[in-house]
Amino acid sequence: MDNLIAFFYTNKEAIFIIVLTIFLGFEVISNVPSVLHTPLMSGANAISGVIIIGGIILVGHADTSTLNINLVLGILAVIFGTLNVAGGFVVTDRMLEMFEKKRKK
Amino acid sequence: MDTAVSNLGVTTGEVILEFSYLLAAVFFVIGLKLLSHPQTARRGNMWAAAGMLLAMITTLIFHKSEAGGGIQMVNLIIILVAIATGTVLGSVIARRIQMTAMPQLVSIFNATGGAASALVALIEFSNPDNESTLVTLLGLVIGSIAFSGSMIAYGKLDGKVGDVFAGFMKYLNLFILLVVVLFIIYIMAGNTPMETQQVLVYVLLAVALVYGVTFVLPIGGADMPVVISLLNSFTGIAAAMAGFIYQNQAMILGGIFVGSAGTILTVLMCKAMNRSLLNVIIGSFGGGGAGVDREQGIVKEITASDAAVLLSYSSKVVIVPGYGLAVAQAQHVCNDMAKLLENEGVEVKFAIHPVAGRMPGHMNVLLAEAEVPYEKLVEMDDINPDMPNTDVVLVIGANDVVNPAALDDPSSPIYGMPIIKVHEAKNVVVMKRGMGKGYAAIENFLFFADNTRMFFGSAKDSLQKLVNEIKNL
């Protein structure tokens, strides 16, 4: 129990953000037309690639004097993360491009 | 640039970095908000992408380790090469992929995000400075489940992995989940030496990966969009866990935001199919022997020329596209036919079922690619009241979304799902490759109805034949 209380107190800011963000997410996605479900999922998927920041921090301060397992895994994490981000945003844009094209006509 | 800010004990760089994270978080929220409206969706995607780019660049320039050191040149080069590799690979695949394979691609990208989170957590576990063991382990488990689950979802969408319907899967999943929890508790207790813990973490990783597989395997292929959306929120949560380790607000907000928005989106998708999330996960969809006692009736075929006559001399035609249209890449020739009919004075509309194809909105994207005007696409609820006044409904490669069993057969696995009521139209022409069942593997009695004619063949060939016949009339 003491551990839990300590955990809450030391991380109170982060816990605040988490709780409020959960409500924010619920609010933002309301009344979405079903046409947009797929692009929205894809766009949200690209945002979940924010783990790339963690990858950058990790490799940024990694020991590069030798080729160690953590460095290799870290580089993989950066590549995977970027794939998620870049691929995600591009594919979402491609889906939405179609909507725009027809609107111009 | 990196001078100390008076009184605060931090440098300008650190302030800029935190401020850019705040901006990035705001951009994510604005982006997703704009993405949920058709007119602003594309801009929304740009906002979110800009937020991500900003956070990446400022992290590269300003991030400092606990000891206060910035990112070294060697590390910087390694990161830039890795980012370039991911960007080129990701955008080339995303640009080149066919519109039909888009759901699979989203699934793959989600898998890479999950894998990245799992890797970061795995490395951070062995970092002695990291004190948030529980959060790290959760990130590892959730990321791994998102990864292996998304890969299975990809396999199912691509037809590489079949559905596994077995009653014991439910208990197996509960058991594996229990093992995962026990592992986390055991590692958290911290009574084992560091070396043993390292081994245990790899075992935990393996078990979590297995859980992802067994979690998705028993869920029917037709439900994959819902599953991908759910796994997408998992990836978000895993990223937020990693953000917790670094006390990085952009990661925490971005991750949790996707987690909660993704969960709501998942629920909305389930609603579009009139089912609950629990029903999707536990109740295995499809394969049911429902309605076997019903009389099958006779299948009546129609030739291209008869169909052409029927269509050209109607006043109102509704086209119901499905995955068969997408697979055959027949959207362009379909539009050609619609234009020909309109030249003959026929009113042509496209009826879009919310879950037609492999993903919600799949048909809208395909038809938009073929430049079918937006006004011609009518949603299910708006077209259904009009069905009895429709002369001919042309069903192209759709099956479950027009199956009347959803309305009147409580024993059918799709009972309760809203459908396009094509059986109420005066005539129905169904284009299909053969008498095979739909994606959900359920018999469709529409095909045996008195007002239904079957037109067998690949959607593209059949439509081309129709176009030629209509021209010759």
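In the predicted model, the largest pocket has a volume of about 1400 Å³. Its lining comprises 43 residues, and those nearest the centre of the pocket are Glu66(B), Glu124(B), Asp129(B), Ile245(B) and Tyr246(B). Both chains contribute helices to this lining: two or more residues come from each of α1 (2–10), α4 (51–60) and α5 (69–104) of chain A, and likewise from each of α1, α4, α5 (133–157) and α8 of chain B. The element that gives the most is α1(A), with five residues. Sorted by class, the residues lining the largest pocket are 18 nonpolar, 17 polar and eight charged.

The contact between the two chains was examined next. Chain B brings 100 residues to this contact and chain A brings 77 residues. The size of an interface is often expressed as the accessible area that is lost when the parts come together. For chain B and chain A the buried area is about 8300 Å², and carbon and sulfur atoms account for 76% of this area. Of the area that chain B buries against chain A, 8% is supplied by Arg42(B), Met52(B) and Ile123(B), which is more than any other three residues supply.

Between chain B and chain A, 15 residue pairs are in polar contact, with both residues of each pair at pLDDT 80 or more. The side of chain B that touches chain A receives at least two residues from each of α1 (12–35), α2 (41–62), α3 (73–96), α4 (102–125), α8 (224–246), α9 (249–272) and α14 (362–369) of chain B. The largest share of this side, 16 residues, is provided by α9(B). By class, the side of chain B that touches chain A consists of 60 nonpolar, 31 polar and nine charged residues.

Side chains of opposite charge can pair when their charged atoms come close. Over all chains, the structure holds eight salt bridges, and three salt bridges are counted between chain B and chain A. Arg42(B) forms a salt bridge with Asp93(A), in which the closest N and O atoms are 2.8 Å apart. Because Arg42(B) lies in helix α2 of chain B and Asp93(A) lies in helix α5 of chain A, this pair joins two chains. Arg42(B) also forms a salt bridge with Glu97(A), where the closest N and O atoms are 3.8 Å apart.

Empty space within the model was also searched for. Rolling a probe the size of a water molecule over the atoms shows where empty space is left. In the whole structure, two cavities of 30 Å³ or more are found. The largest cavity has a volume of about 70 Å³. Its lining is formed by Thr38(A) and Met95(A) together with Met99(B), Met102(B), Pro103(B), Met359(B), Pro360(B), Gly361(B), His362(B) and Val365(B). At least two residues of this lining come from each of α4 and α14 of chain B. The class composition of the largest cavity is seven nonpolar, three polar and no charged residues.

The second largest cavity has a volume of about 60 Å³. Ser34(A) and Val35(A) line this cavity along with Ile352(B), His353(B), Pro354(B), Gly361(B), Asn364(B) and Glu379(B). By class, the lining of the second largest cavity contains three nonpolar, four polar and one charged residues.

Notes:
Residues numbered from 1 in each chain as written. Chains lettered and ligands numbered in written order. Heavy atoms only, no water. Contact = heavy atoms within 4.5 Å. Buried area = accessible area lost by both parts, 1.4 Å probe. Salt bridge = Lys/Arg side-chain N within 4 Å of Asp/Glu carboxyl O. Polar contact = N/O pair within 3.5 Å; in protein donor to acceptor, adjacent residues only side chain to side chain. Helix = DSSP H or I, 4+ residues; strand = E, 2+ residues; numbered from the N terminus. Nonpolar A, V, L, I, M, F, W, Y, C, P; charged D, E, K, R; others polar. 1 Å grid on protein atoms, 1.4 Å probe; cavity = no way out; pocket = protein on both sides within 12 Å on 5 of 7 lines; lining within 4 Å. Points joined across faces, edges and corners; volume = space filled by probe spheres on them.
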